[in-house]
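Have a look at the sequence and the 3D view first, and then we'll go through some details.

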Amino acid sequence: MSEITRKGHAQEPFIRISKRGDEMPVWKAWGIRVIGLILALIVSAIVIYAIVKLNPLKIYVSMWQGAFGTSKRTWVTVRDTMTLLCIACALAPAFAMRFWNVGAEGQVLVGGIATAACMIYFKSLPLPLLFLVMIIASIVAGGIWGLIPGFFKARWNTNETLFTLMMNYIAIQLTAFFVATWENPKGSNSVGVINRQTKVGWLPNLFSEGYNTDFGWNVIIVLLVATLVLIYLRQTKHGYEISVVGDSENTARYAGIRVKRVYIRTMALSGAIAGLAGFLAVSGASHTISTQTAGGRGFTAIIVAWLSRMNTYVMLVFAALIVFLDKGATEIASSFGMNEYVSQIISGIILFFVLGSEFFVNYRVKFRGAKTGGADK
Amino acid sequence: MITLLHSAIVFGTVILFGALGEIISEKAGNLNLGVPGVMYLGAIAGLVGVFFYELGTPNPIPIVCILIALVCSFAASALGGLVYSFLTITLRCNQNVTGLTLTIFGSGVANFFGGSLNKLAGGVGQVSVPVTSGAFRKYIPALASIGGEKSIGYLLFSYGFMAYAAIILAILIHFYLKKTRSGLNLRAVGENPATADAAGINVTKYKYLATCIGAGISGFGGLYYTMDYIGGTWANDGTIEALGWLAVALVIFATWRSLNAIWGAYLFGVCYWMYLYIPGLQRRSLELFKMIPYVVTLLLLVFVSMRRRKEDQPPAGLGLPYFREER
């Protein structure tokens, strides 16, 4: 071969990559993603085996037990999936606009602070009114937290990724400040469960009396949000403006869209929904506030939203997958005497593979010598 | 005052390494949000490497310890950078998402091994690497005592070698980026990959090398943290992650210039430790004080974007994947 190719004569590269011209059929795209997922599970299994020398299948079974073993566990898994889904829904409008809001962590926290404040200061209000105040407060707080980077992006084109990242840490310190203010008992450096006896401001069960045995309200609220966001993005004028701005700011400007207004409005909305997720995390789940209330989910949600291509129903699948991994890993940590951080390793590996498989959905790979049509993956 | 500056410099060194690595990577157009993960990888790999060496050898030699730590740390974090590079450069994944995933993965790996290191080694109690940590913290007492107890000599000469290495590295990076042909190429790749490609620069190679070497350097920040800052042990408290994000902030603060990063890092250190030296602070107001480095960075970010000076802007191609056939 090398004798034939003379110097200065470009040899055909070993691998050629080209963008797929036509949209791939949906089933094929999902097939590739599932293959990626299976590869990821195999690699994770090898990693697990290398570390602990335990049968990986047994570990996966145990993970299932951890996530869905009892009805309580199932509900907790569902609850956490819903919180993660809510945060991902919050990110969808911003991402559709190509606005890299990595500040969901902070927006959730300020929403949580607002909710906790209402639970502490307004506990004498009648319950329905209290819930209304809590929800509005969390939405407003998150909305403001989202609006600030949106405003600076619109006005001075300040880099939003870095801006929202910094806002997270400001929110974390703000939370630490309020934790120190509200700490109970004194000196514990935690707020403790708010209204432990009266349970004022706790989101009640939907299907039965009492608290904490089902999380039906969380499901209803989040599915409603997911549906509304999807409609907003796909069917409304605002949603259309967002997608035009996302494709090309200049096109949007020529078309007479007020780009600045779209930036600010969309980021306020994005922050507001994240704030609502903060309400769910405090009133609907932990009943307390700490710097761990968002617990990195603001970042995980970014991956969920991105992989789902801003489709809120697809997000449900990815959110469930990640929460399942997390719950399962906590279980194997305790039953096999491993350390719970193994869940982060597995999530990391799986996300790497799923991210990588997107490439094969969007691009065609041809090997040298292959005839037209080439090899897909 | 001297103690404040001293702890600020120790603190600053951690994030200075992180930021220097990130500057190289961002100059080549790769916004690697995996810095915290990479610092975690560097920290744990260095620790694990030396831990087993010290465990298996009756009389560990300090210089070998240092070499093992440096090599393991660099290799692990560069490997993290390689995964990131492969996904973002070859497979053209989104950089933000890939970086965040790398952070999740890195902190998982590090905390997993950090937490179970004791168990893997067969239960030796508290994980510690006294010889290595001692070697990392070694300084010349004669120089450090110039001017008496806790004065000039202490302020200038009482750190482990890595604190000075960081400063030298910052100067070297400055010269590399500003004065060499290859540094110019690197910046061209970050500003406008298509033009760089047309000029015959191998964009893929530059991006890969910059990201991997940058990740390796960031990893040293994690290594310095475990070996010197907390004295050769492991703490599962997420501090490295917070420091990693501060390193990302420092890159902006330094407006992508490695020389600015030096004093910026120490300034961050002062901001971080200042609360200890303000009398009569309640714990809650202390939490507000810890906000300062982030608020300062934010203000600077806004200020830079308002002034719109060309030299202070992020590399134009930052965060964008490059695909030759897509014009």
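At roughly what angle do the axes of helix α8 and helix α9 of chain B cross? They cross at roughly 80° and come within 5 Å, with α8 covering residues 161–179 and α9 covering residues 181–191 of chain B. The axes here are lines fitted to C-alpha atoms, for helices over the stretch in contact, and angles run from 0 to 180 degrees between N-to-C directions. That is why α8(B) counts as roughly perpendicular to α9(B); the label covers 65 to 115 degrees, while under 35 is roughly parallel, over 145 roughly antiparallel and the rest oblique.

Before going on, keep in mind that this is a predicted model, where local features need pLDDT of at least 70, side-chain atom pairs count only at pLDDT 80 or more, and totals for chains, interfaces and linings use all residues. Residues are numbered from 1 along each chain as its sequence is written, and chains are lettered from A and ligands numbered from 1 in the order in which they are written.

Where do α8(B) and α9(B) touch? On the α8(B) side you'll find B:Tyr176, B:Leu177, B:Lys178 and B:Lys179, and they meet B:Gly183, B:Leu186 and B:Arg187 of α9(B). Being in contact means that the C-beta atoms, placed from the backbone, lie within 7 Å. Helices (H or I, at least four residues) and strands (E, at least two) are DSSP runs, numbered from the N terminus.

Now for how the two chains meet: 41 residues of chain B are in contact with 38 residues of chain A. On the chain B side, α4(B) gives the most, with 14 residues.

The domain assignment (automatic or from a database) gives domain 1 (12–54 + 336–377) and domain 2 (75–324) of chain A.
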